[in-house]
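Student: I have a new structure open and would like someone to walk me through it. Could we take it one piece at a time?

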Amino acid sequence: MNSKKSDRRRFLKSGATLAGLAAGGRQLANGQTQETPPKKIDELIAYGDRSRFVTSIRVPVAERHSPDEFGLTFHVLTPLQDSFGIITPSSLFYTATHRGAFVPDIDPREHRLMIHGMVDRPLVFTMKELKRLPYVSRIHFVECLGNRARPTHKTVQETHGLTSCAEWTGVSLSLLLKEAGVQNAASWIVAEGAEEVKGASSIPLAKAMDDCIVCYAQNGEPIRPQQGFPLRLMVPGFEGIYQIKYLRRIKVVDRYYMTYDDYGHINPDPKVAALTHQIGPKSVITFPSGGQQLSGPGFYEISGLAWSGAGAITGVQISTDGGASWQDADLRTPAYKMAHTRFGYHWKWDGKERILMSRCTDELGTVQPTRAEIAQYWNEPVDKVRVRGADNSVQPWRIASDGSVHNGLA
Amino acid sequence: MEAFTTGLPRLLVVAAVLWVCQTAWAQSPTYGLGKTPTAKEIRAWDIAISPTGKELPSGQGSAKEGGVLYVRKGCAGCHGTTGSGAHAPTLISRKDFHSAAPVFCLAPCVNDSNTMGVHSPFATTIWDYINRGMPLGKEGSLTPDEVYALTAFLLYKSGIIKEEDVMDAQSLPKVKMPNRDGFALPPEWKHGTPRLQGYP
């Protein structure tokens with residue numbers, strides 16, 4: 001524990017240095033960004049950088065800045081408008097923390113995973129032992145329950161930037177639970193992180209035994225600290241708060257534990273509870289999207305992402321007339337279960353104002369709903385509808401006749 | 001199954017199937033990796049407190065003691081002397097919050113309408129969270145007595161217990177929270193089923 005404390009201090013110190021740089025050193029008086037000194041060729045040979053002409057970055061959610069006044073990172077949005085394919089680079093993967101957190105600096109040699117509670121054989125694993133076990137690599141999205149479009153949002157980064165997708169590698173949670181021997185009366189697990197707040201969530205045992213992964217790698221390298229180094233639980237298709245970072249403990253229990261993170265999500269309506277934990281079929285057009293500019297009438301490839309917490313995407317449809325008619329888009333990547341799937345659609349813009357929308361269908365046949373359909377379900381006027389649970393409503397983008405693109409909810 | 005038309009064999013088959021299902025998850029280890037933690041190691045790590053309170057340690061505290069600690073431990077510095085309106089999440093709801101317009105916030109969002117006192121169905125959640133997550137930067141430094149006292153202080157200030165009530169491993173899980181019945185568990189999760197049947 002002592003080494004961890006000193007790591008924290010070191011982190012806080014370097015965090016202060018970074019904050020000082022951001023405040024003083026980076027921005028010149030004329031508004032231009034100061035160029036960082038070029039890296040030496042041997043540094044770049046060892047570890048590559050992106051081109052200095054590629055400047056896409058994450059941005060904190062407007063509702064609560066990161067770092068906040070305590071120096072905590074809360075929710076940071078991925079730049080979906082600049083994305084290609086289905087893999088989010090780890091450096092641009094969205095970040096969210098339980099209450100706002102410091103990123104812990106964990107020595108993997110010291111890290112342990114304990115499995116205990118209603119098991120026949122409590123076990124503690126080192127990282128080395130976990131890496132000796134049979135592993136799986138799968139592509140899955142992660143999405144935060146806070147990922148909901150608002151009329152005030154301008155870009156797809158703001159409306160949908162709390163979802164990202166990566167290849168995850170690790171040990172099946174079911175394998176570890178079988179090694180420990182889950183007892184018959186168990187029905188839930190509590191998974192807990194090692195960061196200072198030790199964020200914990202209750203997860204149904206049926207899900208834990210189904211397809212969850214105890215991951216040590218993301219996109220072909222050890223998981224990065226902001227994503228949970230050295231160990232993260234992947235609960236495919238469930239909202240982000242279940243994907244416990246810095247995973248240190250799994251306690252097998254016989255009830256919902258009502259942790260702090262659990263209680264933040266509870267709702268008296270069973271229908272809302274049903275819509276809260278798993279992500280529904282959802283899609284969004286990333287090009288053209290809010291804040292972008294079409295250069296004139298003619299051919300464009302509409303591009304976007306579709307995903308579902310229930311399985312694979314089987315189809316995506318596009319409307320260029322505000323939902324009056326729908327045409328099939330093409331899936332441009334393999335459609336993995338609980339993964340972003342890239343779609344494309346050939347479109348010739350006639351230079352007139354247009355509302356673009358996408359909607360997807362998943363392998364259960366569930367179709368992503370429009371806000372009008374959701375309003376009808378809850379019997380509310382469409383302009384006042386509150387989307388309960390995880391918001392998977394259709395996102396409209398308005399193409400103005402000058403080619404500028406705007407949030408269709410505004 | 002047609003062969004088993006009498007009651008007894010069919011029951012036996014059902015029993016056998018049930019037995020196989022039940023023991024499927026409790027099979028013997030295959031890989032033999034990992035070490036068995038000692039009871040002491042498990043106790044030291046096991047900070048998740050059930051609504052039944054079965055993991056609560058011995059110790060006790062009252063609202064009066066908690067009020068002193070609330071200032072001395074620095075809670076008031078971030079959460080405000082009244083427990084609301086400061087930078088850190090609201091701990092004690094303002095009395096008139098129902099008249100205010102609902103404020104949007106990201107989950108887990110804590111404002112006047114869903115402080116732990118108002119919203120959590122179990123007092124154990126408050127104990128668990130103070131113990132695991134507070135004070136910021138010194139997490140895990142509070143003794144059980146201090147956590148009981150601070151929990152009692154928040155419960156008293158939220159109008160849930162009396163000032164003289166002493167919180168301990170027996171009394172805390174029995175506290176009747178205002179939102180005790182105000183939550184629905186998610187439906188039993190099954191692979192390959194939609195979130196909510198009939199939802200568009």
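**Domains, sheets and contacts**

Tutor: Gladly, and since this is a predicted model, let us begin with the domain assignment of chain A, which gives domain 1 (112-266) and domain 2 (282-407).

Student: How many Å separate the centres of domain 1 and domain 2 of chain A?

Tutor: Taken over C-alpha atoms, the centres of these two domains of chain A are separated by 29 Å.

Student: And how many residues are in contact between them?

Tutor: On the domain 1 side of chain A there are 19 residues, and they are in contact with 17 residues of domain 2 of chain A. Both β6 (136-143) and α4 (156-160) of chain A supply at least two residues each to the domain 1 side. Sorted by class, that side has nine nonpolar, seven polar and three charged residues.

Student: Let's look at strands. What is the order of the open sheet in chain A?

Tutor: The open sheet has five strands in the order β5-β4-β13-β8-β9 (chain A), and their pairing is mixed. Its edge strands are β5 (123-126) and β9 (200-204) of chain A, each of which pairs on one side only. From one strand to the next, the twist averages 15 degrees.

Student: How many bridges join β8 to β13 in chain A?

Tutor: There are six bridges between strand β8 (residues 188-193) and strand β13 (residues 247-253) of chain A, and the two strands run antiparallel. To find the pairing on your screen, look for A:G193, which stands opposite A:L247 in β13(A).

Student: What about β7 of chain A, is it mostly covered or mostly exposed?

Tutor: Strand β7 (residues 163-172) of chain A is mostly covered, with eight of its ten residues buried. It pairs in the antiparallel sense with β6(A) over eight bridges, and A:V136 has A:G170 of β7(A) as its bridge partner. β7(A) also pairs in the antiparallel sense with strand β10 (residues 213-218) of chain A, over five bridges; there, A:S172 is partnered by A:I213 in β10(A).

Student: Switching to helices, why is α5 of chain A described as largely enclosed?

Tutor: Helix α5 (residues 173-180) of chain A has six of its eight residues buried, so it is largely enclosed by the rest of the structure.

Student: Which ones are buried, and what do they pack against?

Tutor: The buried residues of α5(A) are A:L173, A:L176, A:L177, A:K178, A:E179 and A:A180. They pack against β4 (112-117), β5, β7, α6 (205-208) and β10 of chain A. Just after α5(A) comes A:G181, which takes a positive phi of about 75 degrees.

Student: Which residues have the most contacts inside the largest nonpolar core?

Tutor: That core has 130 residues, and those with the most contacts inside it are A:I115, A:I189, A:A191, A:V214 and B:A152. Helix α7 (residues 144-157) of chain B gives the largest share of this core, nine residues, while domain 1 (112-266) and domain 2 (282-407) of chain A each contribute at least three residues.

Student: What is A:I115 in contact with?

Tutor: If we leave aside its neighbours within four places in sequence, A:I115 is in contact with A:P122, A:L123, A:L176, A:L177, A:A180 and A:I250. Among these, A:L176, A:L177 and A:A180 are buried residues of α5(A).

Student: Now the other chain: how many residues does each chain bring to the contact between A and B?

Tutor: Chain B brings 53 residues and chain A brings 73 residues. On the chain B side, the elements that give two or more residues are α2 (39-45), α5 (116-119) and α6 (124-133) of chain B, and α6(B) gives the most, with five residues. By class, the chain B side has 32 nonpolar, 14 polar and seven charged residues.

Student: How many residues of α6(B) are buried, and what covers them?

Tutor: Ten of the ten residues of α6(B) are buried, including B:W127 and B:Y129. What covers them includes α7 (260-263) of chain A, together with α5 and α7 of chain B.

Definitions and conventions: Residues are numbered from 1 along each chain as its sequence is written. Chains are lettered from A and ligands numbered from 1 in the order in which they are written. This is a predicted model: local features need pLDDT of at least 70, side-chain atom pairs count only at pLDDT 80 or more; totals for chains, interfaces and linings use all residues. Two residues are in contact if their C-beta atoms, placed from the backbone, lie within 7 Å. Helices (H or I, at least four residues) and strands (E, at least two) are DSSP runs, numbered from the N terminus. Ala, Val, Leu, Ile, Met, Phe, Trp, Tyr, Cys and Pro count as nonpolar, Asp, Glu, Lys and Arg as charged, and the others, Gly among them, as polar. Domain bounds come from an automatic or database domain assignment. Two strands pair if DSSP finds at least two bridges between them. Axes are lines fitted to C-alpha atoms, for helices over the stretch in contact, and angles run from 0 to 180 degrees between N-to-C directions. A residue is buried if 20 or more other C-beta atoms lie within 10 Å of its own, exposed if 12 or fewer, and partly exposed in between; C-beta atoms are placed from the backbone. A nonpolar core is a set of buried Ala, Val, Leu, Ile, Met, Phe, Trp, Tyr and Cys residues joined through C-beta atoms within 7 Å.
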